[in-house]
Structure formats: structure tokens, C-alpha cells
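The following note reviews one model, with attention to its pockets, its sheet and its aromatic contacts. Please read the numbered points alongside the structure.

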Amino acid sequence: DEIAVTGFLDRLAAVAAEIDGAGLFTAEPVLLSAGGSAYYDIVARKLAEVRLSRPVQVVVRSGCYLTHDSGQYTRLFEHIVRRIPADWRRHGDLVPALEVWSMVQSRPEPGLALLTMGKRDVSYDIELPIPTLWRPVGAAAARPVPAGAVLTAMNDQHAYLKLAEGFDPQVGDLVCCGISHPCTTFDKWQVMMVVEDDYRVSGAIRTFF
């Protein structure tokens, strides 16, 4: 929590000051670094307050900001917004940028669709992916998934989509899911496609996990 994180950073600063006082830093700048995508505002503020006899460079290791997500870090970002100064917020909020698309493979029973996506493809350590968009076969654009449609389970290569009332996707339709916890989705892919707002592929990125 915030108290524990602040206490850890205070201890880190105290250790750095003790090392500095003993003359054990031999190069500059002195690198102070801490991670945590849920508390990077506290890390940046607390480490920026550290004063040593040598110049200090602060490195904040909060990788989830790169893509954000639709679950865990969306919720945690609400706490960050309440903590940060108002002038920081003028730059806008983070937007989920990591999506995993799959296809409806079968409709084995009423109210259920099986998707071609599973534990080998997407994170599930914090919570299951969140269905966000649906593109029927032949449709020109995707549309929002109705409220109430949720994933209830995943196998290695399949996801179980519980359908909301009136939501009737067919075999071959595409379903987009947002994820919760980017790191454990990144580590499942060696290459990820970069797309524009219209889903035109404009590039690719290599991952190194």
C-alpha cells in the first residue's frame, strides 16, 4: 500500500545517504531506481527529493504504462490520478492499448461461445480477459460487446464466453478482449502487431521476456 511504498523509499534514500557519507560512490551520477506501475508517482516524487554529494539520476521502472490495460492497472490508475498534482493531469489519462482478438469457434449450448484464445495467448494471473468489442462476419466495423458478457474460464487454447441476453455471436465472428496485467501477456508473444485506430497494421514490435 502507499504507506509501505513510502516507507521502502525512505529506507532506500537512507541507505543511499549512508553509502554517500562513507564515500563509497565512485562514479556519477548516482543511479536511484525503483519500480512499480501502481506507485510510480510516489517513486518519482520521493526519489527526486534525495540529495547527495554527487548528482543523482532517478530511473522509474514502471513498464505497464507502455500499454496500460483494461483491468488491474485501469483500477490502480484511479488512485494515481487522485494523488498527482492537477497540472500533471492536463496531459490526459492512460488508455488501454493492448488487445487480443480471437474468433468464435463454436456455440456448444445456448448462452455460451468458445473462443480461439487461451492461457497460451493472454494473461490470466490477476483476472480473466475482458470482452470489449465484437465484429460479426461481414461487418464493416467492430461494435461494443454488450454489458454482462464475460469470460468464465480458459483452457490452454480456448476461452469460455458467457453471453449477455440478446448477444448472439456466430461462428467466425471476431471478439476483442482487453487484458489485465500487460507483462504476462507480453511474455507469451515474440512479435506483436502495431495497428492504427482503423486496425490497419502499421508495424510490429519484438518482445524480450
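Which helices and strands each supply at least two residues of the lining of the largest pocket?

1. Basis. This is a predicted model, in which local features need pLDDT of at least 70, side-chain atom pairs count only at pLDDT 80 or more, and totals for chains, interfaces and linings use all residues. Residues are numbered from 1 along each chain as its sequence is written, and side-chain values use heavy atoms, without hydrogens and water.

2. Largest pocket. The elements asked about are β3 (99–109), α4 (183–186), β10 (191–195) and β11 (201–206); helices (H or I, at least four residues) and strands (E, at least two) are DSSP runs numbered from the N terminus. β10 gives the most, with five residues. The space in this pocket is about 680 Å³. A pocket is an open set of points on a 1 Å grid over the protein atoms alone, where a 1.4 Å probe fits, with protein on both sides within 12 Å along at least five of seven lines; lining residues have an atom within 4 Å of a point. The volume is the space filled by probe spheres set on the points, which are joined across faces, edges and corners.

3. Second largest pocket. Its volume is about 240 Å³. Of its 13 lining residues, Tyr40, Phe77, Ile84, Trp88 and Leu94 are the closest to the centre. Domain 1 (2–63) and domain 2 (67–188) each contribute at least three residues to this lining, the domain bounds coming from an automatic or database assignment.

4. Sheet. Seven strands form an open sheet in the order β6-β5-β9-β3-β4-β8-β7, with antiparallel pairing (two strands pair if DSSP finds at least two bridges between them). β6 (143–144) and β7 (150–154) are at the edges with a single partner strand each, so one side of each has no neighbour in the sheet. Strands β4 (residues 112–115) and β8 (residues 159–162) are joined by four bridges, and Ala113 stands opposite Leu161 in β8.

5. Aromatic pairs. The whole structure holds two; rings of Phe, Tyr and Trp (its six-membered ring) pair if their centres lie within 6.5 Å, with planes under 30 degrees apart counted as stacked, over 60 as edge-to-face and the rest as tilted. Trp101 and Tyr199 have ring centres 5.4 Å apart and planes at 80°, so this pair is edge-to-face. Trp134 and Phe167 are also edge-to-face, at 5.0 Å and 75°. Both Trp134 and Phe167 are buried (under 20% relative accessible area, with exposed over 50% and partly exposed in between, for a 1.4 Å probe and protein chains only), whereas Trp101 is partly exposed at 31%.
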